[in-house]
Structure formats: C-alpha cells, structure tokens
Amino acid sequence: MALHDASGDDIGPFEEYDYPVERVSVGDPEMAYVDVGEGEETFLCLHGEPTWGYLYRKLIPGLSERGRVVVPDAIGFGRSDKYTDREEYSFRMHYDAFERFITDLDLQNITLVCQDWGGILGLTLAANNPERFARLVPMNTGIPTGTQEMPDAWEEFRDFVERTDDLPLDMLIQNATVTELSDETLAAYEAPYPTPELKAGARAWPDMVPRKNGGDGAEMTRAAAERLGEWEKPAFVLFSDSDPITHDNRDSLREHLPTASDQPDVWIEGGGHFLQEDAGEEIAEQIVAFVDRT
C-alpha cells in the first residue's frame, strides 16, 4: 500500500477558494476539508469524479449566510491523502472514510448537497445514518443498484479513463461544463495532482460505479435505495438540463424519494454535468430557499 501524505503539499491558495484547510484522520489517510460559517444548519457538500471541494466555491458564500458549510475532499482527491495504487480504492474504503468523517466531526442536522459520486456515497451515507441528516439535495447523481445500463456518454468516458495513463482532468471538467472556464480555474482542478500516480483515485472511480455486469458496492447502494424509498425528511432533487450522463436519472430519483414531489419541479437551465460551475450562485439560492421552506 502506497499512501501519499498530502499534508505538506503546497496547494493553493486559490481565487474564491482561499479558506483554511483542515484535516482529520479517517483511518490511515487524512481527509482535508473546508469548514466555513456557523449556525444550526450544516451543509455537507460532496463532490464527484474527477473534481474536489474547489467545485463548491461558488455555493459557499450563499450557503454560509444560512449556516455552516463543510466541504471535504474524498480520499484520493484534492488536498486529502492519496493512495497511488488504484487497487486501494473501493466503495467500502470511500464509504467508511466519509462515515468516520461525519462521526468524528459529530455533524448534525445535515443538509446533504451532493453530485456525481458525492451522491452515490452521500445518499448511501444518509440512508445508513438518518439521525444525522435533515435534508437531501441530490444533483446530477443517482442511487445505482447494479442493474442499470449506462448511457453511451458514460461508456465513452469510462473507456477514455481506462486507456489514458495521465488523465487530463482539466479537459474532462471543461468538456462536462457549459461555461468556458478560465485558465486559472482549470489549473486549480489540476493543482493537487503534480504526478500521474496521484490521479489513481480519479482513474478508479468510473469503473467502480455499480451497474449491470460491473462496478463495486452494489450491495450497499441497493440496501440504501430501499431505505431511501421510505425517506420521510425533505428532499429536493435539483438536476441540470444539459448533462448527458445523469439527465435520465432525474425523474426516477424524484419519484423514488417520497418527499421529493413536495418540492418545486426545478431544472437548472444551461447547466452541464458540473452544474456547480455553470450555475453555482443560483443553486445556492435554490438550496437556501429549500431550507427556509422546510
């Protein structure tokens, strides 16, 4: 097991994301996170593939006016420690790390704001720890149970990741974003990975998605989906209209969460897969309004 200790890395500061970096042990690795604001409300923002907490920088100002905002980097991403062997990454490893994270920080009254893999893991986390979670805001994500066929856009993405030794994270993020990102923004997404082996987590996540004839963690997501089918707390499904990967998940997820239909039927217009980049401020306003009305 090769583990890169990221605590001494000189990463940042970044424009609009110049917050103190905190760290907590989640086993052998340490997880880095940003903790901004205070109040009874706790917004837990979980990123997906192949981004890191920087993705939420446009949401933090609006959310922090309403409460505490906690933005961790998954193990293998951002400023968290990174395994350099792809085989070290598994659904269980990521899940256990996040569960220890919310337990050690004793996060309560959580509004989960999650996208992509942040949703797959975060929704499973909420299903298994309902006493800590007050609300759900799943965005461009789903609860895959190991039976679904994946869209062509996802298959093409996975194939590219599998055959590429040094993933161009900046290109992948730009291609999944409607907004033309600045050179500084793209450089920030690449900054935590100065060598190809530090991208092992980003290379592992796509093939890990539970799906028909593949993936990892389906037994956990399947059980979580059953529990979430009886979820009684507020849920606000907030997808963008221009994501070819998760677009078709939206209605089924909204129907699966019993309270989701109690909330406005909203699409974020002009948003790609990384809707936080395309419409971050608007999304923060939508989430704060959701908290206020529930």
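Two strands are said to pair if DSSP finds at least two bridges between them. Helices (H or I, at least four residues) and strands (E, at least two) are themselves DSSP runs, numbered from the N terminus. The structure described here is a predicted model, in which local features need pLDDT of at least 70, side-chain atom pairs count only at pLDDT 80 or more, and totals for chains, interfaces and linings use all residues. Residues are numbered from 1 along each chain as its sequence is written, and side-chain values use heavy atoms, with hydrogens and water left out.

Strands of a sheet pair through backbone hydrogen bonds, either parallel or antiparallel. Here six strands form an open sheet with mixed pairing, in the order β2-β3-β5-β4-β7-β8. Its edge strands, β2 (22–25) and β8 (133–139), each pair on one side only. Ignoring direction, neighbouring strands of this sheet are turned by 25° against each other on average, where axes are lines fitted to C-alpha atoms (for helices over the stretch in contact) and angles run from 0 to 180 degrees between N-to-C directions.

Strand β5 (residues 68–72) shows both kinds of pairing. With strand β3 (residues 30–36) it runs antiparallel, joined by four bridges, and Asp35 has Val70 of β5 as its bridge partner. With β4 it runs parallel, through three bridges, and here Phe43 has Val69 of β5 as its bridge partner. Four of the five residues of β5 are buried, so this strand is largely enclosed by the rest of the structure; buried means under 20% relative accessible area, exposed over 50%, and partly exposed in between (1.4 Å probe, protein chains only). Further along the sheet, six bridges join strand β7 (residues 110–115) to β8 in a parallel arrangement, with Phe133 in β8 as the bridge partner of Ile110.

Helix α3 lies across β4, β7 and β8 and runs at about 150° to β7. Eight of the nine residues of α7 are buried, so this helix is largely enclosed by the rest of the structure. The buried residues of α7 pack against β6 (82–83), α2 (91–104), α3 (117–128), α4 (152–163) and α5 (169–175). They include Arg203, Trp205 and Met208, and Gly201 is another of them. Gly201 has a relative accessible area of 0%. Leaving aside neighbours within four places in sequence, Gly201 is in contact (heavy atoms within 4.5 Å) with Glu49, Phe77 and Tyr89. Trp117 is 84 residues from Gly201 in sequence and 12 Å away in space, C-alpha to C-alpha.

Glu197 gives another picture. This residue lies in the loop between α6 and α7 (200–208) and is partly exposed, with a relative accessible area of 42%. Beyond its neighbours within four places in sequence, Glu197 is in contact with Tyr83 and Thr84. Between Glu197 and Arg254 there are 57 residues in sequence and 38 Å in space, C-alpha to C-alpha.

Inside the model, the largest nonpolar core has 97 residues. Such a core is a set of buried Ala, Val, Leu, Ile, Met, Phe, Trp, Tyr and Cys residues joined through side-chain atoms within 4.5 Å. Helix α10 (residues 275–293) gives the most to this core, with eight residues. Among the residues with the most contacts inside the core are Leu44, Phe101, Phe133 and Ile283. Leaving aside neighbours within four places in sequence, the contacts of Ile283 include Leu59, Met139, Leu238 and Ile268.

Aromatic rings complete the tour. Rings of Phe, Tyr and Trp (its six-membered ring) pair if their centres lie within 6.5 Å; planes under 30 degrees apart count as stacked, over 60 as edge-to-face and the rest as tilted. A search of the whole structure finds 13 aromatic pairs. One of them joins Tyr54 and Tyr189 edge-to-face, at 5.0 Å centre to centre and 85° between the planes. Tyr54 lies in the loop between β4 (42–46) and α1 (60–64) and Tyr189 in helix α6 (residues 183–190), so the pair ties together parts that are 135 residues apart in sequence. Both tyrosines, Tyr54 and Tyr189, are buried. Ring pairs also link them with Phe14, Tyr17, Tyr19 and Trp52 into a cluster.
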